[in-house]
Amino acid sequence: MKKLLATAALLAVGSAHAVTPKTGIWWNPAESGRGYALEVSGNTLVVAVYAYDAGGNALWYLASGPLTNNGTNFQSTLDKYDGGQCVTCDYTHPNLSGNDGAIAIQF
């Protein structure tokens with residue numbers, strides 16, 4: 001079942017009801033090819049982002065860290081990975097090519 005990534009679901013700004021993160025793969029069907037994977041374990045959130053650069057090369061981003069403010073806030077660095085193994089290729093280690101700054105999510 002497709003899950004629609006809705007900005008309102010991730011950024012519950014001004015809402016009287018807190019939104020808690022839900023583990024799963026999230027994407028916008030109108031913008032296929034990129035999306036987000038959230039994994040929650042206890043008080044830790046891991047966010048994986050799959051996307052492409054301007055040249056069409058696949059990029060992966062990974063962020064992890066604690067949920068704060070009763071599980072409604074998350075902040076970490078967004079580490080960027082490129083290169084790596086294709087589906088039918090021999091194993092090639094991906095490159096940690098820095099980070100693209102900070103990621104902050106308010107649920």
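**A serine and its surroundings**

Modeller: The protein has one helix and six strands (DSSP runs numbered from the N terminus: H or I of at least four residues for helices, E of at least two for strands), in the order α-β-β-β-β-β-β. It's a predicted model, so local features need pLDDT of at least 70 and side-chain atom pairs count only at pLDDT 80 or more, while totals for chains, interfaces and linings use all residues. Residues are numbered from 1 along each chain as its sequence is written, and side-chain values use heavy atoms, with hydrogens and water left out.

Now the spot: Ser-76, in strand β5 (residues 73–83). Ser-76 is buried because its relative accessible area is 15% (buried is under 20%, exposed over 50%, partly exposed in between; 1.4 Å probe, protein chains only). Leaving out residues up to four places away in sequence, Ser-76 touches Ala-63, Ser-64, Gly-101, Ala-102 and Ile-103 (contact means heavy atoms within 4.5 Å). With Ser-64 there's something specific: the Ser-76 side chain gets to the Ser-64 backbone oxygen at 3.0 Å.

For background, 22% of the 107 residues count as buried. As for confidence, mean pLDDT (the predictor's confidence in each residue, from 0 to 100) is 81 for the protein, with 83% of residues at 70 or more.

Methods: A polar contact is a pair of N or O atoms within 3.5 Å; within protein, one must be able to donate a hydrogen and the other to accept it, and residues adjacent in sequence count only if both atoms are side-chain atoms.
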